[in-house]
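Q: I'm new to looking at protein models, and I'd like to learn how to read a few features. Could you walk me through this one?

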There are 2 protein chains.
Amino acid sequence: MAGLWCGDDPHAANSRPCRRARAHRPARRRWLPLLRRGRSLAGAGRRATGGLSVPKLPVIHDIQERDEGRNRIEELDLEFSNGERRRYTRLKPRGHGAVIIAAMPDPETVLLIREYACGVHRYELGLPKGRIDAGESILEAANRELKEEAGFGGRRLSLVRSLTLAPTYMAHQTHLVLAEDIYPEKLVGDEPEDLEVVPWRLDRLHELMLLEDCSEGRSLAALFIIREYLHHRGPAVDGPADEVRG
Amino acid sequence: MAGLWCGDDPHAANSRPCRRARAHRPARRRWLPLLRRGRSLAGAGRRATGGLSVPKLPVIHDIQERDEGRNRIEELDLEFSNGERRRYTRLKPRGHGAVIIAAMPDPETVLLIREYACGVHRYELGLPKGRIDAGESILEAANRELKEEAGFGGRRLSLVRSLTLAPTYMAHQTHLVLAEDIYPEKLVGDEPEDLEVVPWRLDRLHELMLLEDCSEGRSLAALFIIREYLHHRGPAVDGPADEVRG
């Protein structure tokens with residue numbers, strides 16, 4: 001699915017061009033032949049990231065902005081490297097991004113919260129998260145949200161990576177922060193009620209991932225990433241550049 | 001962060017009530033004491049799902065609808081079980097949901113695609129995905145998108161679970177489909193260019209998860225879920241209710 005207002009989102013219902021109305025184009029497809037599947041494919045990723053096989057970015061000929069309700073929309077006039085010309089729509093970035101926090105009371109356990117989610121009208125299990133306020137650093141925002149939502153602060157905070165929500169039409173970033181060496185501390189947030197905190201063992205993610213009320217992709221991705229990160233990092237060490245002590 | 005228009009999204013910049021302007025409420029917080037962390041916590045999840053500890057859903061006193069650009073917005077007048085009364089905003093569901101497909105050329109490898117993402121103006125690595133068209137089943141949509149985006153069809157398709165994008169303000173579901181016993185077949189989709197297909201070994205997700213250009217939470221979650229699912233399922237067997245053969 002191309003990025004014409006993403007299409008995988010209810011926003012998009014009216015904006016996707018009809019597939020069947022378009023001319024049939026010849027099927028020229030580049031792919032790493034499946035013949036290669038016998039060898040380690042890590043190299044494919046490095047090659048991709050290194051840049052050799054990454055396609056040339058489309059040229060942005062023009063950007064038109066307009067308001068749509070509370071959103072600021074950008075319409076891009078794009079030319080792809082094969083000469084195809086398309087209009088894509090995206091949300092103009094606002095705010096300072098968001099944080100999602102994996103707080104570890106011990107090396108095997110992470111703290112989930114259960115929060116009412118009005119989009120699906122049910123209580124959802126997931127990691128604490130929230131927006132970064134003006135003037136806050138990523139790690140400050142993470143520690144504040146952790147205190148507000150779970151009633152803990154972290155003395156050791158590490159930025160693990162940034163995730164996108166829907167990169168085909170939004171620039172929005174959610175920064176995944178690992179909080180270790182945690183201690184009870186409560187800040188009052190904007191929640192209408194106290195949130196239940198549910199410790200969960202990382203070796204039980206295969207059970208969590210199938211619960212209907214633990215459904216948010218970003219939260220599940222963050223949990224698996226933290227488990228892998230901890231596994232490959234080994235025992236915590238002092239001093240990486242992306243880490244602070246509170 | 002409460003679900004007042006989510007707040008973790010650029011849509012939300014103007015709609016979150018100022019934290020500092022609210023009255024300080026007493027910090028009463030329920031949490032499973034960390035003392036319990038020594039025992040298996042799978043029980044906590046079951047208990048949660050079983051319903052005993054899940055809070056009573058807020059009462060929806062009223063829903064007001066309005067248009068905001070292309071979106072239909074619902075404003076909910078909610079009363080939480082502790083008596084707190086709040087207005088929450090959500091997108092009214094439209095469309096038929098979306099699919100995300102993990103296609104396996106062999107039991108160790110999954111097919112990624114590299115697609116231009118205008119929200120972040122870069123090529124992104126991730127799983128094929130797209131919207132369900134009117135009249136399509138989930139598995140039909142998955143197979144069509146797989147053929148359009150990756151040039152393969154699947155003879156064995158299984159619905160693994162459904163993921164949400166942002167349940168605090170959207171009902172939107174993305175259904176994760178595992179495609180096995182795949183074969184080359186191409187359908188023309190709405191992409192402006194052919195997409196590169198990149199096979200990736202599931203035992204190398206810890207490398208993929210740290211690539212800057214593989215950033216979408218939903219896609220990363222789906223990959224880890226598939227790996228766990230396959231690990232716990234064991235060798236493929238015939239006949240579950242959520243599975244078809246093409």
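Predicted model: local features only at pLDDT ≥ 70, side-chain atom pairs only at ≥ 80, totals over all residues.

Q: Which residue forms a salt bridge with Arg72(A)?

A: Start with the general idea: side chains of opposite charge can pair when their charged atoms come close. Here the partner of Arg72(A) is Asp67(A), and their closest N and O atoms are 3.2 Å apart. Asp67(A) is exposed, at a relative accessible area of 55%.

Q: How many salt bridges are there over all chains?

A: The count is 56. Another one joins Arg204(B) to Glu207(B), with 3.2 Å between the closest N and O atoms. Both ends are partly exposed: Arg204(B) has 30% relative accessibility, and Glu207(B) has 25%. Salt bridges can also share partners, and in that way Glu65(A), Asp67(A), Arg72(A), Glu74(A), Arg90(A) and Lys92(A) are joined into one network.

Q: Let's go to chain B. Where are Glu74(B) and Lys92(B) in the chain?

A: These two form a salt bridge, with their closest N and O atoms 3.7 Å apart. The pair links distant parts of the chain: Glu74(B) is in strand S2 (residues 71-79), while Lys92(B) is in the loop between strand S3 (85-91) and strand S4 (98-103), 18 residues apart.

Q: Is Glu74(B) buried or exposed?

A: Buried, because its relative accessibility is 6% and the cut-off for buried is under 20%. Lys92(B), at 29%, counts as partly exposed.

Q: What else does Glu74(B) touch?

A: Its side chain makes a polar contact with the side chain of Arg90(B), at 2.7 Å. If you leave aside neighbours within four places in sequence, the residues in contact with Glu74(B) include Ile63(B), Gln64(B), Tyr88(B) and Thr89(B).

Q: Which way do S1(B) and S2(B) run, and how many bridges join them?

A: S1(B), residues 59-68, runs antiparallel to S2(B), and nine bridges join the two. To see one of them, find Ile63(B): its bridge partner in S2(B) is Leu76(B). The two strands form a hairpin with two residues between them, and Gly69(B) in the turn has a positive phi of about 60°.

Q: How should I picture side chains along a strand?

A: In a regular strand the side chains alternate between the two faces of the sheet. Now try another sheet in chain B: three strands lie in the order S6-S5-S10, forming an open sheet with antiparallel pairing.

Q: Why is one side of S6 and of S10 in chain B left without a neighbour in the sheet?

A: Because S6 (122-126) and S10 (196-201) stand at the edges, and each has a single partner strand. Neighbouring strands in this sheet are turned by 30° against each other on average, direction ignored. S5(B), residues 109-117, pairs with S10(B) over six bridges, in the antiparallel sense. Along that pairing, Val110(B) stands opposite Trp200(B).

Q: Which residues touch the most other members of the largest nonpolar core?

A: That core has 56 residues, and among those touching the most other members are Val110(B), Leu112(B) and Ile226(B) from chain B, plus Leu208(A) from chain A. Leaving aside neighbours within four places in sequence, Leu208(A) is in contact with residues including Leu112(A), Leu125(A), Trp200(A) and Arg161(B).

Note on methods. Residues numbered from 1 in each chain as written. Chains lettered and ligands numbered in written order. Heavy atoms only, no water. Salt bridge = Lys/Arg side-chain N within 4 Å of Asp/Glu carboxyl O. Buried < 20%, exposed > 50% of the residue type's maximum accessible area, 1.4 Å probe, protein only. Helix = DSSP H or I, 4+ residues; strand = E, 2+ residues; numbered from the N terminus. Core = buried A, V, L, I, M, F, W, Y, C linked by side-chain atoms within 4.5 Å. Contact = heavy atoms within 4.5 Å. Pairing = 2+ DSSP bridges. Axes fitted to C-alpha atoms, helices over the stretch in contact; angles between N-to-C directions. Polar contact = N/O pair within 3.5 Å; in protein donor to acceptor, adjacent residues only side chain to side chain.
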